[in-house]
Amino acid sequence: MISNEDNSKRICLKLWGDQATAVTDTDEGSSILVKNASVDKYRSKTQINTTEITSVEVERGVVPSEDTTTEQEIIGASETGSDIYFATESDNITVPRSVFNNMHTNLQEFIGQLPMKLLISYENGHVTQVTPPDAAAVGADEPAN
C-alpha cells in the first residue's frame with residue numbers, strides 16, 4: 001500500500017517477482033517511480049497493477065530522519081492536491097501547501113524564478129519552513145532584544 005505524506009490518500013501497488021523486493025518498509029517517506037503499469041479498480045478501490053515490463057525505482061533519502069535545515073537548489077516545481085513538489089537534481093521534496101503559502105508567492109511566479117537555492121527546514125521528517133538563504137541571513141543579523 002502506498003500513500004501520500006499524511007496517509008489521507010492510499011492506493012494499492014501490486015508488485016511481482018524482482019519488483020516485490022524493490023520496495024521495503026525502510027523506504028517509508030521515499031518517492032517511488034512506477035513506469036509501464038496499469039491502473040484499475042477492484043471492489044471500488046483504485047490499484048496499480050504491474051507486469052513483466054513494469055519498472056520500479058525508489059528514490060531513497062528524500063526526507064531527513066532528524067530535524068535539520070539544508071540548502072537545496074530547486075530546479076522545478078509542481079502541485080498535486082494539498083502538496084507542492086520541489087524538484088532538485090537528485091530528489092523530489094514534498095512541501096505542504098500551507099508551508100509554501102508562507103513564501104507569499106504563487107506557483108507560477110515561483111517556477112518563473114527557478115532555478116533558485118532555498119533553505120528547507122525539516123521537523124520529524126516533514127518540511128516545516130522554506131526560506132531563501134539571504135532571508136535567513138537577514139534575520140540572523142538583527143540584534144536580540
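Is Phe86 buried or exposed, and what is its relative accessibility?

Guide: This is a predicted model, and the description below holds for that model. Phe86 has a relative accessibility of 0%, so it counts as buried. The cut-off for that label is under 20% relative accessible area.

The rings come next. The structure holds 3 aromatic pairs. Phe86 and Phe100 form one that is edge-to-face, with 6.2 Å centre to centre and 70° between the planes. Phe86 belongs to strand β9 (residues 83-87) and Phe100 to helix α1 (residues 97-101), so this pair ties together parts that are 14 residues apart in sequence. Phe100 has a relative accessibility of 2% and therefore counts as buried. Phe86 also pairs with Phe110, and here the arrangement is stacked: the centres are 5.0 Å apart and the angle between the planes is 20°. Because Phe110 lies in helix α2 (residues 107-112) and Phe86 in strand β9, this pair ties together parts that are 24 residues apart in sequence. Phe86 and Phe110 are both buried. Phe86, Phe100 and Phe110 form one aromatic cluster.

Leu118 lies in strand β11, which covers residues 116-123. With a relative accessible area of 0%, Leu118 is buried. Leu118 and Asp134 are 16 residues apart in sequence, and their C-alpha atoms are 9.0 Å apart in space.

An aromatic ring also takes part in another arrangement: the charged end of Lys14 sits over the ring of Tyr42, 5.9 Å from the ring centre.

For the setting of these details, the chain as a whole has 3 helices and 12 strands. It has 145 residues, of which 29% count as buried. Among contacts with a separation of 6 or more, 53% are between residues 24 or more positions apart. The chain exposes about 9800 Å², and carbon and sulfur atoms supply 47% of that area.

Note on methods
Residues numbered from 1 in each chain as written. Predicted model: local features only at pLDDT ≥ 70, side-chain atom pairs only at ≥ 80, totals over all residues. Heavy atoms only, no water. Helix = DSSP H or I, 4+ residues; strand = E, 2+ residues; numbered from the N terminus. Buried < 20%, exposed > 50% of the residue type's maximum accessible area, 1.4 Å probe, protein only. Phe/Tyr/Trp six-rings, centres within 6.5 Å; stacked < 30°, edge-to-face > 60°. Lys NZ or Arg CZ within 6 Å of the ring centre and 35° of its normal. Contact = heavy atoms within 4.5 Å. Areas by Shrake-Rupley, 256 points an atom, 1.4 Å probe, with all protein chains shown as cover.
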